[in-house]
Amino acid sequence: MNDAAISDADHTFQVDLRGLVDLLSHHLYSSPRVYLRELLQNGVDAVTARRAVDPQAEAAITITVADGGLRVADTGVGLTEADVHRFLATIGRSSKRDALESARRDYIGQFGIGLLACFVVADEITVVTRSALTDAPPVEWKAGADGRYTVRTLDPSAHEVPGTTVFLTPRRGSEAWFAPERVIELARDFGALLPYRVTVVAAGEHIPITETPAVWDRPYPTVGLRRAALSAYCESRLGFTPLDVIDLDVPLAGVRGAAFVLPEAVSPAMRGKHRVHLKGMLLTENADGLLPDWAFFVRCVVDTDTLRPTASRESLYDDESLAGVRDALGGHIRDWLADLAAHDQPRLARFLSVHHLGVKALARHDDELLRLVLPWLPFETTDGRIALDEFARRHPVVHVTSTVEEYRQVAPIAAAAGLGVVNGGYTYDLDLVYRLAEIRPGTTVAELDPDTVTAHLDAVDPAVELGAASFLAHARAALDPLACDLSLRTFQPVTVPALLLDGRDARGERGRAEAEQEAAGRGDDLWSGILGSLRDQGPRAQLVLNHLNPLVRRIAGLADPELARAAVEGLYGQALLLSHRPLTSAETGLLGRSFLGLLERAVHQPNPAE
Ligand SMILES: Nc1ncnc2c1ncn2[C@@H]1O[C@H](COP(=O)(O)OP(=O)(O)OP(=O)(O)O)[C@@H](O)[C@H]1O
C-alpha cells in the first residue's frame with residue numbers, strides 16, 4: 001500500500017458522547033426537565049407509527065415511578081435489532097426523517113437527538129423493545145453516557161406485546177427529577193394535550209395525565225360556560241383571570257387555542273410568554289414572535305401541527321410559516337376588537353380603560369380599526385379625558401401639543417381663551433391626533449403654535465400698551481438675542497405672570513441661536529456668520545406677559561432700562577422653568593444674571609430708617 005492510498009482512505013467521524021451530552025445539557029436545553037418530554041414524545045411518535053399500519057392498535061403511554069427510577073412504556077411500533085443499531089445507537093439519525101413527507105408531518109420528533117436528553121439525568125439508558133412489524137423477539141439495548149452500548153435478544157416473555165419500555169435510574173444529584181410528584185408535574189405540563197392516553201403510576205396509584213380534547217375544543221352548552229371554562233384554564237396555566245377570552249383558529253396552519261386578555265396594563269415592551277404546544281406536546285411557555293408586537297395585551301395558549309420547533313424544542317423556528325400564523329392570529333385579535341366596538345361597547349370600554357395604549361399602537365397602522373375604535377379611545381384634552389371623535393365634534397380645529405409639559409403649561413390658558421387642545425405628549429397620541437384629519441373629513445389638526453395662542457389671548461387697551469412702551473422697548477431688546485418676541489396680553493389665571501410659547505420650530509430656532517452664540521464665543525466667525533444669516537427666517541418664541549397680574553402691571557411701568565431688563569429676564573426665566581424644558585447655557589446664564597441683578601438692587605435700596 002503506498003502513501004497516497006493511505007491518505008485517500010475513508011475515515012468516519014468519532015463522537016465523544018460525554019462532550020455531546022455536556023453540550024446538550026448546558027447549552028441546548030434550558031433544564032434537565034426536558035428528559036421526560038423527550039421520552040413522552042418518542043412514545044407518542046412510536047404509537048403514531050404503529051397506528052399508521054394498524055389503526056386499531058392500543059395507544060397508551062405509561063410512566064411508572066418505582067424504586068427511585070422510572071419506566072416509560074408505550075404500545076408503539078417497537079424496534080427490531082437492526083432498528084436499534086440504526087436509530088437508537090446512531091446519533092442524529094431519526095426514523096422519522098426517513099419517513100415519507102406525508103407521514104413525517106405526523107411526528108413530533110425529527111432530529112434524532114432527543115433520547116440523549118436522558119443522559120442529562122441518568123448515566124445509563126435501558127430500552128427493551130419488540131417490533132410490531134415483525135415476529136422478531138424483543139431486544140434489550142443498554143447504553144452508557146460514555147458511548148458504549150450492548151444489544152441482546154430476550155425471551156419473548158420479557159416483552160409480551162409489541163412496544164417499547166425505557167428504564168432510567170437517576171444519576172447522583174438528579175434524584176429530584178424522578179420524585180413522583182415532580183414526574184407527575186412534568187408529565188402534566190408536557191403531556192396534558194397529547195393525543196394518546198398518558199398515565200403516571202406511582203405508589204400503586206394510576207394518575208391520568210391527558211386532558212383531551214383541549215379545553216377550547218370541548219363542547220359547551222352555553223357561551224358563558226365556555227368562557228368560564230377557558231378563564232379557569234387560563235388561571236391554572238397562566239396564573240391570571242383574564243379580562244376576556246379570544247378564540248384562535250387558523251385551520252390552514254393547524255393552529256387552535258385561545259388568547260387571554262391580561263387584566264392589568266403591561267409595558268408594550270413585555271412580549272412573549274405564550275404557551276405553545278406542538279401536536280399536543282408543550283413546546284414552550286415562553287414563545288415569542290407568535291403574535292404581532294402590538295398585541296402585547298394578550299397571552300396565548302395554542303396547539304399547532306405545522307410550526308417548526310428549534311432543535312432544543314424550546315422555541316419556535318422563525319420562518320415564513322410563523323410569520324403567516326402571526327398575521328392570522330393578529331387578524332383574530334383585531335376582529336375581536338372590531339366586534340366589541342360594533343356590538344359590546346361596555347366591554348370595549350372596560351378593555352380600553354386597561355389597554356388603551358396597546359390599541360393606540362395598533363390603530364396607528366390600521367385605518368379601519370382606527371375608525372372603529374376612535375369613538376372610544378380616551379385622550380387627555382382641555383375638555384377633560386374624552387374620546388377624540390367627541391372632541392373633534394366640539395372643536396373643528398383640534399390643536400395638539402407635542403409634549404406633556406407644553407400641554408400642562410399652555411393648555412389651561414389656551415382653553416380659557418376658547419381653544420380646544422389635546423395633549424399629544426403621550427406615546428402614540430400625537431400620531432393618532434394627526435391621523436384624525438384623514439379619517440374624519442372636515443376636521444383640521446394643528447400644532448398649538450405661539451401665534452395661535454397669542455392671537456386668542458385678549459389684547460390690552462391701546463392706552464395701556466402706550467404707557468408701557470418704554471418698558472416694552474427695553475424688554476424686547478433684552479429678549480431679542482434669545483430669539484424671543486414679547487407681547488402684552490390679558491389672560492386667566494391672573495396668578496400666571498408670563499407664558500412662554502415656543503412651538504417645535506421655535507425650539508429649533510433656540511438651538512440655532514445657542515449654536516450661533518457658542519460659535520461667536522469661540523471666535524468662529526464663519527460658522528457664527530452662517531448661523532446668524534439663518535436667523536431672520538427662523539420662527540421665534542413668544543413671551544406673553546399677563547397684564548392682569550399685579551406684578552406685571554408694576555413691571556410694565558418701569559422706565560429704568562436696567563431694571564426693566566432684569567425684570568423681563570426674570571419673568572422669562574420663570575416661564576422657562578415652568579415649561580420644564582432643558583435650559584441652554586445662555587438661558588442658565590440669563591437666569592443667574594437676572595436673579596443676582598435683582599438681588600443686588602434689593603439690597604441696595606436706601607433704608608428709609610437711615
Ligand atoms: N419509544 C420508541 N419506540 C420506537 N422507536 C423509538 C422510541 N424511542 C426512540 N425510537 C427510535 O429512535 C430514534 C431516535 O430517537 P430520538 O429521540 O433520539 O430522536 P427523534 O425522536 O427521531 O428526533 P428528535 O431528536 O427530534 O426527538 C427515533 O427516530 C426512533 O426511530
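Colleague: Which residues does N42 touch, not counting residues up to four places away in sequence?

Modeller: N42 touches G109, G114 and L115; two residues are in contact if their C-beta atoms, placed from the backbone, lie within 7 Å. Please note that this is a predicted model, in which local features need pLDDT of at least 70, side-chain atom pairs count only at pLDDT 80 or more, and totals for chains, interfaces and linings use all residues. Residues are numbered from 1 along each chain as its sequence is written.

Colleague: Why is N42 called buried?

Modeller: A residue is buried if 20 or more other C-beta atoms lie within 10 Å of its own, exposed if 12 or fewer, and partly exposed in between, with C-beta atoms placed from the backbone. N42 has 25 such neighbours, so N42 counts as buried. E38, with 24, also counts as buried.

Colleague: What makes E38, N42, D74 and T164 a group?

Modeller: UniProt, in an unreviewed entry, places the feature "binding site" at these residues. They span 127 residues in sequence, yet no two of their C-alpha atoms are more than 14.0 Å apart, so they gather at one spot. UniProt positions follow the numbering used here, feature names are shortened, and annotations may be inferred rather than shown by experiment.

Colleague: How do you know that strand 2 and strand 6 pair?

Modeller: Two strands pair if DSSP finds at least two bridges between them. Strand 2 (residues 69-74) and strand 6 (residues 163-170) have 5 bridges, in the antiparallel sense. Strands are DSSP runs of E, at least two residues long, numbered from the N terminus. D74 stands opposite T164 in strand 6.

Conventions. Helix = DSSP H or I, 4+ residues; strand = E, 2+ residues; numbered from the N terminus.
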